[in-house]
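Subject: Handover of a structural model

Dear colleague,

Please find the sequence and the structure below. My notes on them follow directly after.

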Amino acid sequence: MGRSLRLQFYNMVANHGIGHTESSRMETNAAHIALVVPPDRRQSATALAIARGTSRLLRSLGFACLSELSLPSGRRADLVAVNARGEIWIVEIKSSAEDLRADRKWQDYRAHCDRLFFAFTRDLPYDIFPGDTGLIVADAYGACLHCEAPEHRLPAPTRKAMMLR
């Protein structure tokens, strides 16, 4: 991901804080919609639809979202969301049960977020996902929080490294 896109994301998060007028919040919301990274052809149509719906949910909860963000560990998170309080959520998108079974790298994401979620379509059973993560059911048009993820607050140096990415 290019430095200029990261800088736009950082500025968007910084400008989304407390004390802005309602009109500036509306302008900030427009910036959320304009910040769309083109697909890199590695994701399926289902995964892209899940990402779109999940991003809409996160924005409605007051988060700024960025997809395919490289983490300090070298891994790449499907969605990273940051709110005005600096809380960081990572959402791992799963388009099938096989996708979940084949992927073991998601456990590394926990070291880079306050809460870890899986987003998936309603076609997948809930019980295949780990119990210590949050679950988001999504389609291309929206999403709902099926269960909240447990909080595990990041240490200050890790939070700083994530915010400066």
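A search of the whole structure finds six aromatic pairs; rings of Phe, Tyr and Trp (its six-membered ring) pair if their centres lie within 6.5 Å, and planes under 30 degrees apart count as stacked, over 60 as edge-to-face and the rest as tilted. Please note that this is a predicted model, in which local features need pLDDT of at least 70 and side-chain atom pairs count only at pLDDT 80 or more, while totals for chains, interfaces and linings use all residues. Residues are numbered from 1 along each chain as its sequence is written, and side-chain values use heavy atoms, with hydrogens and water left out.

One of the pairs, F63 with W89, is tilted, at 4.3 Å centre to centre and 35° between the planes. It links distant parts of the chain, since F63 belongs to strand β1 and W89 to strand β3, 26 residues apart; helices (H or I, at least four residues) and strands (E, at least two) are DSSP runs, numbered from the N terminus. F63 is buried at 3% relative accessibility, and W89 is buried at 6%; buried means under 20% relative accessible area, exposed over 50% and partly exposed in between (1.4 Å probe, protein chains only).

W106 and F118 form an edge-to-face pair, with 5.1 Å between centres and 70° between the planes. W106 lies in the loop between α4 and β4 and F118 in strand β4, so this pair ties together parts that are twelve residues apart in sequence. Both W106 and F118 are buried. Ring pairs also join W106, F118, F120, Y126 and F129 into a cluster.

The largest nonpolar core has 22 residues, of which V80, I88, I90, F118, F120 and F129 touch the most other members. Such a core is a set of buried Ala, Val, Leu, Ile, Met, Phe, Trp, Tyr and Cys residues joined through side-chain atoms within 4.5 Å. At least two residues of this core come from each of β1 (63-70), β2 (76-83), β3, α4, β4 (115-120) and β5 (134-139). A second, separate core of 17 residues includes A51, C65, F117 and A149.

Two further residues deserve a look. K94, in the loop between β3 (88-93) and α4 (97-102), is buried at a relative accessible area of 1%. Leaving aside neighbours within four places in sequence, K94 has contacts (heavy atoms within 4.5 Å) that include D99, D103, F118, F120 and F129. E68, in strand β1, has a positive phi of about 55° although it is not a glycine.

Yours sincerely
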